[in-house]
Amino acid sequence: MNQVPLIHILFVSTALFFIGMYGLFTRRNMIMMLMSVELILNSVNINFVAFNKYLYPEKLEGVFFTLFIIAIAAAEAAVAIAIIINLYRNLRSIDVETADEMKF
Amino acid sequence: MPNAAYLIIVLVPLLPLLGFVILGLFGRKVVKNYSGGLGTALVFFSTCIAMWVGYDYFATGAGPDGAYHAFKVLNIHWLSFGPGFSIDMDLLVDPISVMMAVVVSFISLMVHIFSLGYMKGEQRYGTYYAYLGLFTFSMLGLVLSANIFEMYIFWELVGCSSYLLIGFYYDRPSAVAAAKKAFVVTRFADLGFLIGILILSFQTKTLGFGELIQMLGPGGQSIADGLGVPGARGVFLGFPVVSWGLALIFVGGAGKSALFPLHVWLPDAMEGPTPVSALIHAATMVVAGVYLVARLYILYANAVDVSQLILYVGVFSAFLAALIACTQSDIKRILAYSTMSQIGYMMFALGTGSSGNTSGYTASMFHLFTHAFFKALLFLCAGVIIHRVHSNEMKDMGGLRKQLPLTHVCFLIACLAISGIPPFSGFFSKEEILSAAWQTNKFVYGLGLFTSGLTAFYMFRLYFSVFWRRAPGIATSHHGATQLNHGAIAPNHGATAAHHGSTPLSMRLPLVILAVCTVFTGFIPFSHYITFDGRPGETVGPGLNAIPPVATALLGIGMAAWLYKKENSRPQQAAEAFRGLYSFARHKFYIDEVYLFVTKKIIFNGIGRPAAWIDKHIVDGLMNGLAKGTAAVSASIKGFQSGKVQDYAWFFFIGIAGLTVLFIYIYT
């Protein structure tokens, strides 16, 4: 079986990570920012699974971590959306620029 | 040694203190209308006890050798500094303390009674009596103190109550200024007193009067001597250290007793209510300095330099004050200067001791005793006059002898007493002082004699100006503007008299009692009871040496009568003839101006302003700079706190990236 080299998978996950980063910094819509965060988390998941598979095939820690991260990401999405809904009720907007009450 | 027989004397100062506490706490509302009666009753009991103890002491207190010994009543260790050295709260019973306790409580009682009428209807009636109680307590504590530090504590309390009472009418700026001046000047002098106490107690490791005299007096040996502490009993600037200590204590006494050049506060202190002037600034508090010097008389008599200082300061103060008094026009100020002059007499009598002649001690205490009565009488009479005329200025008075017959007689008696006319009390005491001076120093005697003539002159100038000068029955209006029409009785006379009414009994009674005392106290054989060593001395009746003082006094009275009995132009002519001296004396020899120059121009400009500049620009500047620097830094970096989530994410990301680069760089 002709395996895909590890380095390719790392390229994919790095690209995914920086796409997420880019989205996080440039999107003003909070839902879009939340989606960017999901991209970053998934790039990490890929890394975990890839390293587990390629470097330590006899172990399962990387896979377990990935499952944990998926669970946490779900919880985090729930919390984040709750925050966004609250902000929307207060500000009538989900633009992140308008939520700057915590400045000096 | 504690002596239970005289323990009751503890009540003498404590009863007025009780009055102060009660009236101070409840005098404004609860017992407002009874506060005068309450205060007076407590002081009355205190006076009775003092007199009883005095009678008991002088009648039966003499020891087997016929001398009056000093007893220490009550022995409380108050502040203990270690074995053998503590500040105690003792009461001393000896001839002069008993005498002073009687005088102070008695004069205080008279003033309490007088104030019942004088201060009636006053807004702060209860407060007034509370202050009087505080003063009486402190003064009695002062005279009964058995050690010098206890005396210092009461000394300051007396100064504090004097401050409160001078500034009693605190809505008048002049009264506030006078109170402040009195406090600052006497406080300045008290600094000398404190340093003197420290010097003496360093020499002896004790504070008690008896021990101090024993160790530093003739034949005594101070602890510092015995230990051979180098320089302990040495010489400083050419004078023995003990002399410096005594001189500094004398400076404290001179400040309280208003001797030149620290007398400036006393005339201004007349801003207080007149009965207060009678009590504090004439009869009792101002003699505290004399009393202090008398307490340490043996030490002063042994320190010749200090004795000379006391002698000349005393006689110069007496003379200067008499000169100033001749030119003043405010009745209370004249009395204030006469007080200063008489205290000068007492002080120089104490200064005559260095030549081995100790009659000055008895003479001084005798004069203190008689002066208390006649000067309180003079001030209370002045109180009645001011109450009637509503002015302090002599020009608003005149011809009052028919309106105030009782006051007229009392004032005349007091004037005769202070002038030294026999058989009034002042004659005896002043004659003793002058004969003590005659035996010591002829120059001082001459100046004292001349001053006694001046005293008679200015007192009778006051007397004639107030009670004669104009035809009787000329009333003065409320504002002090004088009705000058001699012939017709002023139209508002009846109304004015009806308004003022007669002087109340509470104001007349003290006058009568004090007048009786003024007449008769001179006959007390004083030297039998009070001498510097407690042994009764022989009573020398006034002899031939009484002639010069009486003659000069009569001359002074004659001059005053010639100038002031009738309204005429002679006083103006006399003032013209001596214009230079007159205006110089009228401006109190510009001593106040000199003080103002020294304080405002030299001290304020030379020390105060530079110190203020340093404080404002360097000390404050350092702190302000620190605060300003912090504020500037935070203002410049507060932009980071933008409140924008994405900015924070950026910082976070850049930080992590930086750290990553760093770790890679380090670990590879």
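Does B:A561 count as buried, exposed or partly exposed, and why? In this predicted model, B:A561 counts as partly exposed because it has 16 C-beta neighbours inside 10 Å, whereas a buried residue needs 20 or more and an exposed one has 12 or fewer.

B:A561 lies in helix α23 of chain B, which covers residues 547–564. Leaving aside residues up to four places away in sequence, B:A561 touches B:F460 and B:F464. B:F464 stands 97 residues from B:A561 along the chain, yet 6.9 Å separates their C-alpha atoms.

Chain B as a whole contains 27 helices and four strands. Of its 668 residues, 50% are buried. Among the contacts in chain B with a separation of 6 or more, 78% join residues 24 or more positions apart.

Helix α2 of chain B, residues 35–60, can be described in more detail. The 26 residues of this helix reach 37 Å from the first C-alpha to the last, close to the 38 Å expected at 1.5 Å a residue. Its buried residues include B:S35, B:G39, B:L42, B:V43, B:A50, B:V53 and B:Y57. The elements of chain B listed below are among those that cover the buried residues of α2(B).

| Covering element | Residues in chain B |
|---|---|
| α1 (B) | residues 11–26 |
| β2 (B) | residues 85–93 |
| α3 (B) | residues 95–118 |
| α4 (B) | residues 125–144 |

Chain B also meets chain A, in a contact that takes 10 residues from chain B and 10 residues from chain A. On the side of chain B that touches chain A, four residues are nonpolar, four are polar and two are charged.

Notes:
Residues are numbered from 1 along each chain as its sequence is written. Chains are lettered from A and ligands numbered from 1 in the order in which they are written. This is a predicted model: local features need pLDDT of at least 70, side-chain atom pairs count only at pLDDT 80 or more; totals for chains, interfaces and linings use all residues. Two residues are in contact if their C-beta atoms, placed from the backbone, lie within 7 Å. Ala, Val, Leu, Ile, Met, Phe, Trp, Tyr, Cys and Pro count as nonpolar, Asp, Glu, Lys and Arg as charged, and the others, Gly among them, as polar. Helices (H or I, at least four residues) and strands (E, at least two) are DSSP runs, numbered from the N terminus. The expected span of a helix is 1.5 Å times one less than its number of residues.
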